[in-house]
Amino acid sequence: MIHLRPTHLRARLTLWFVSVLAGLLILAWGATFTLLFWQLRSQLDHFAIQEVETVEGLLYVNQKGELQMREDYHNHPESKDVIDRFVEVLSPEGSVLYRNERLGDRMLGGHPFAGEGVGGYSVRSERLAGGTRVRMVSRMHSLDGRRILIRLGHTEEPLWSRIQDMLIASVIVLPVVLALAGFAGYGLVRRALGPIEQMARRAQEITPQRLNERLPNDNADDELGQLARVFNATLARLEQAFEQLRRFTSDASHELRTPLAAIRSVGEVGLQKGGSSAEYRDIIGSMLEEVNRLTSLVDNLLTISRADAGSLQLQMAQIPILQLAREAASLFEVMADEKSLEFRLSGDEAIVVQGDRLFLRQALVNVLHNAVKYSPVGGTISVRVQRNAEEVTLEVEDSGPGVPREDRAKIFERFYRVDKARWRESGGAGLGLAITKWVVEAHGGTIGLDGASARGCLFRIQLPRGSAR
């Protein structure tokens with residue numbers, strides 16, 4: 001099957017432009033011809049009416065009772081023009097009373113119709129026996145007490161001939177005009193699409209290794225400039241995503257390699273040195289600790305991967321947030337007892353949020369785990385729940401060493417750990433707060449580290465309010 005549709009956009013735009021122009025020109029010329037024809041025929045009708053009045057003055061009845069028309073041009077110079085017209089005079093019953101020489105024996109309009117020429121002029125177009133088109137004016141007239149119907153016809157052939165000449169000229173001129181318009185339109189379209197072609201060439205040169213490059217944007221205010229801005233913003237997001245992916249892959253590989261190397265080294269040392277059953281139990285215990293750490297890391301990586309893919313579905317319900325915080329804190333009773341830590345929970349038990357219980361619990365566990373891990377012996381961890389008209393605020397404050405100002409904006413990034421006293425003994429992979437941030441934002445909330453805390457860290461989580469209990 002042959003497709004006649006042009007493949008290039010500039011060709012299609014040019015064809016569309018020429019087609020629209022051709023349609024508009026045809027409509028304009030058609031309207032012009034119609035208006036011109038109407039004006040010329042109106043003038044013809046006006047002249048015919050005047051000449052009917054002239055014929056009325058030239059008609060007379062001779063001694064034989066026959067109807068005649070004077071031809072004394074000196075007294076009636078208008079009769080010179082009347083001779084060139086088609087004139088016919090009929091009785092009201094349709095009998096022919098007079099025909100001029102130019103009309104001869106041909107009929108001008110046939111039998112009179114009812115009311116023709118009565119009370120004014122009747123104007124219509126007719127064809128003579130030979131096919132000549134005429135514009136005919138009729139009027140009922142009284143001559144010597146005798147009613148007669150006067151018909152006068154102007155030939156329309158010069159009028160149609162002029163319209164035909166103009167039409168032929170238009171048919172000749174139209175292709176020339178369209179051809180010139182096509183060349184001009186193609187040039188304009190090519191110039192207009194030049195920036196797009198330039199952007200397309202530059203886009204072809206951008207590879208995953210060259211995502212730092214951007215599309216040219218010579219005029220940022222027009223539509224093409226807006227397209228370039230949007231595309232460049234997309235490239236910037238892709239560059240950031242690729243960079244995060246590279247860093248994530250590198251950090252994940254490093255985190256996975258560390259426990260695997262530890263398991264391997266512990267096993268190899270145990271095999272080489274031998275030992276008692278108690279020593280083997282210690283070796284196996286160390287290996288299991290690394291396996292647990294590796295399992296936790298894999299679970300966190302899987303959670304983040306599923307979150308990025310959008311495959312995690314939240315099961316929304318009304319959740320008492322203070323009760324959920326108390327439940328999460330109970331998981332760290334053993335660790336808190338070992339470090340003599342004190343949990344202080346305050347707030348209204350009736351405050352609820354709309355969310356997924358499992359994921360919100362995991363988010364609170366991650367924040368509380370950091371608080372327990374980095375609080376000094378004998379420290380205090382405060383959990384406060386408040387609400388206002390639109391949201392619920394949950395604050396977790398510890399008495400640890402705090403986070404340096406330059407690191408506060410990065411602690412929610414994946415695998416990011418501050419290389420200071422607070423983080424040296426963490427043993428974590430740096431994914432807990434990243435998961436917490438995703439959970440909070442998935443619920444339409446925000447999480448941040450308040451730098452105004454007098455001591456330790458103050459994490460503030462804000463969530464949309466649920467229905468009152």
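In this predicted model, helix H8 (residues 357-374) packs with helix H9 (residues 432-442) at an angle of about 145 degrees, and their axes lie 9 Å apart. The crossing of the two helices, H8 and H9, is left-handed. On the H8 side, the contact is formed by Phe359, Leu360, Ala363, Asn366, Val367 and Asn370. These residues meet Gly432, Leu433, Ile435, Thr436, Trp438 and Val439 of H9.

The report now turns to a sheet. Five strands form an open sheet with mixed pairing, in the order E9-E11-E12-E14-E13. Strands E9 and E13 stand at the edges and have a single partner strand each, so one side of each is left without a neighbour in the sheet. From one strand to the next, the twist averages 10 degrees.

A helix also packs on this sheet: H6 (residues 321-330) touches E9, E11 and E12. The direction of H6 makes about 170 degrees with that of E9.

At the E13 edge, the pairing of E13 with E14 is antiparallel and extends over 4 bridges. Within this region, Gly448 has Arg460 in E14 as its bridge partner.

| Strand | Residues |
|---|---|
| E9 | 342-346 |
| E11 | 380-387 |
| E12 | 391-397 |
| E13 | 446-449 |
| E14 | 458-464 |

How values were computed. Residues numbered from 1 in each chain as written. Predicted model: local features only at pLDDT ≥ 70, side-chain atom pairs only at ≥ 80, totals over all residues. Heavy atoms only, no water. Axes fitted to C-alpha atoms, helices over the stretch in contact; angles between N-to-C directions. Left-handed = near helix turned anticlockwise from the far one by under 90°. Contact = heavy atoms within 4.5 Å. Pairing = 2+ DSSP bridges.
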